[in-house]
Amino acid sequence: METTLGQKATITAQHLINGQWLGEADTQRMNPARPDEPAAFSPSGSTQDVDAAITAAAAAQPGWAALPAPSRGTILITAGNLLIERQTAIAEDLVREEGKTLAEAKGEVKRASDVLRFFGSLGWAATGEVLPSGLPDTTITTRREALGVVGLITPWNFPIAIPAWKTAPALISGNTVVIKPAELTPLSATHLARALQDAGLPAGVFNVVHGKGRIVGDALARDPRIAGISFTGSTNVGLGLQEILNARRARVQLEMGGKNGVLVLDDADARKAAQVVAAGAFGLTGQACTATSRVYVTPGIRTAFLQALVEEAAAYTTGDGLDGGARMGAVVSKQQFEQDQAAVRAAVERGATLLHGRYDGDTNGPLFFPAAVLTDLPMDDAAVTEEIFGPVVAVLEVADYEAGLAAINNSRYGLTAGICTDSLALATDFSARVQAGVVKVNRPTAGLDLNVPFGGVKDSSTNTFREQGRSALDFYTWGKTVYTGI
């Protein structure tokens, strides 16, 4: 499909450095639902671009931190309002470059807006404590100070929500930011940047550098002016960043992979449990670190649950996210599409039964991958242990509750976990003993409220600082204790 100069201008992202939009687009991103249609153009950042962005952020940081917190909050709230005003246009761009449905994209833009407004409101909240001292005529107070300049490295699957939920706590705390968005989704981060700029954010406070992780991300991690990096992405890349940052004692926050399990017990309602699992596994095309990817069922409910799950999977029809009729949009890229197909094909070749789905789609056509339900797998099968990051769920039988809990905990990951049961006692026991940062009882593993802490354990996270809610402020600040004699 030929793109006119006018059309190209509307879907072209640039670097934002010290308030200036810079960089010539040399990378083309195609629409995964319409392979002949360009979705976005963006520049490839260099180490020089990163240096310029950090220099701008370092120069702007003292003035930004000195601005009263309510004034910083006003800018965030205004930016959040602008996102809502522009919600449809932003969501349509998001669908074209990432693939999800328009309803999901609109929901994500609203989440980004809500995050900005939530953290903006904290500009008026009390911070620190006043504590008693054992010394006479002495008052002790605590306060939080900004880290300085922080780097953010964000993924493609929530291309405006994740940048927002990293940016907002950083900015309200008085930090300045250099962000490297995902290469596949440059427009979504551009929309966030424009909203912040239009809301009155001073030049240099928020900077965007597009490009490859091995260039832009590596330069951010190694620059001594970057006080900390918050990263969301694959476990292998995250652990590599951690080594670099630990070597220079910089702060690091990692949110990485997941292989999230759900335990379905005999006392659960089979249809409701299938709906919970399907929403967690197939919503957002399964492209979420919190997606359900393995299910353990006890013998008494196995047959009814599998039948219901297959029916639910069939209801997740695929199609172009902008057309309105599909429940699942396109897979984000040809590489991810091939990875999904290869994972299902290999499981079947190893003896698994594919109850729903297929793995013979055309990799050169629209990247629609139907919901896949696998069963008859051993506990150590790769489809059970390794993250696929697509709408694929493996269902395995376990003898009882204890066996199911042990199976869920037997994983290198620990992001989210769920249980479907009518037993309050077992739900409570599961919540206490499961090794996961987020626990869902009779609810899908995917999805989280913005005002609560989010993060995992094991190889899903650094398990130090949590994202979202007021807990998110901890990563972007350091504590100070002040003694004042009267």
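Domain bounds here come from an automatic or database domain assignment. In this predicted model, the assignment gives domain 1 (15-256 + 461-485) and domain 2 (261-450). The centres of domain 1 and domain 2, taken over C-alpha atoms, are separated by 31 Å. Where the two meet, 29 residues of domain 1 are in contact with 31 residues of domain 2. The UniProt record, in an unreviewed entry, lists residues 27-482 as "domain: Aldehyde dehydrogenase". Over residues 27-482 the chain is 40% helix and 21% strand, with end C-alpha atoms 51 Å apart.

The largest nonpolar core contains 53 residues, and Leu83, Phe119 and Phe206 have the most contacts inside it. Both domains take part in this core: domain 1 (15-256 + 461-485) and domain 2 (261-450) each supply at least three residues. Phenylalanine 206 shows what such a position looks like close up. Leaving aside residues up to four places away in sequence, phenylalanine 206 touches Leu16, Thr167, Val177, Ile179, Leu192, Ala193, Leu196 and Leu201. A second, separate core of 30 residues includes Tyr296, Val331, Phe369 and Ile419.

Isoleucine 419, one of the residues of that second core, is found in strand E18 (residues 416-420). Isoleucine 419 counts as buried because its relative accessibility is 1%, and the cut-off for buried is under 20%. Beyond residues up to four places away in sequence, isoleucine 419 touches Val262, Leu263, Leu265, Tyr401, Leu426, Ala427, Phe430, Lys440, Val441 and Asn442. Arginine 302 is 117 residues from isoleucine 419 in sequence, and their C-alpha atoms are 15 Å apart in space.

Helices can be followed in a similar way. Helix H2 (residues 47-66) has 20 residues, and at 1.5 Å a residue it should span 28 Å; its end C-alpha atoms are 29 Å apart, so the two values agree. Helix H2 also has a kink of about 40° at alanine 60, shortly before proline 62. Which residues of H2 are buried? They are Val50, Ala53, Ile54, Ala56, Ala57, Ala60, Gln61 and Trp64.

The buried residues of H8 are Val216, Gly217, Ala219, Leu220 and Ala221. What covers the buried residues of H8? The cover includes H2, strand E7 (149-153), strand E8 (176-180), strand E10 (226-232) and helix H9 (235-247).

Helix H4 (residues 87-98) holds aspartate 93, and alanine 89 also has its place in H4. Is aspartate 93 buried or exposed? Aspartate 93 counts as buried because its relative accessibility is 11%. Not counting residues up to four places away in sequence, aspartate 93 touches Ile11, Leu187 and His191. Alanine 89, with a relative accessible area of 44%, is partly exposed.

Alanine 347 belongs to helix H12 (residues 334-349). Alanine 347 is buried, as its relative accessible area is 0%. Apart from residues up to four places away in sequence, alanine 347 touches Ala352, Leu374, Leu377, Asp381 and Ala383. Alanine 382 is 35 residues from alanine 347 in sequence and 7.6 Å away in space, C-alpha to C-alpha.

Most residues other than glycine have a negative phi. Phi of aspartate 137, however, is near 55°, a positive value in a residue other than glycine. Aspartate 137 sits in the loop between strand E5 (130-132) and strand E6 (138-146), and aspartate 137 is exposed, with a relative accessible area of 55%. Leucine 284 likewise has a positive phi, near 60°. Leucine 284 lies in the loop between helix H10 (270-282) and strand E13 (292-297).

Terms used: Residues numbered from 1 in each chain as written. Predicted model: local features only at pLDDT ≥ 70, side-chain atom pairs only at ≥ 80, totals over all residues. Heavy atoms only, no water. UniProt positions renumbered as here; feature names shortened; annotations may be inferred. Helix = DSSP H or I, 4+ residues; strand = E, 2+ residues; numbered from the N terminus. Expected span 1.5 Å × (residues − 1). Bend = angle between axes of the 7 residues up to and from the residue. Buried < 20%, exposed > 50% of the residue type's maximum accessible area, 1.4 Å probe, protein only. Core = buried A, V, L, I, M, F, W, Y, C linked by side-chain atoms within 4.5 Å. Contact = heavy atoms within 4.5 Å.
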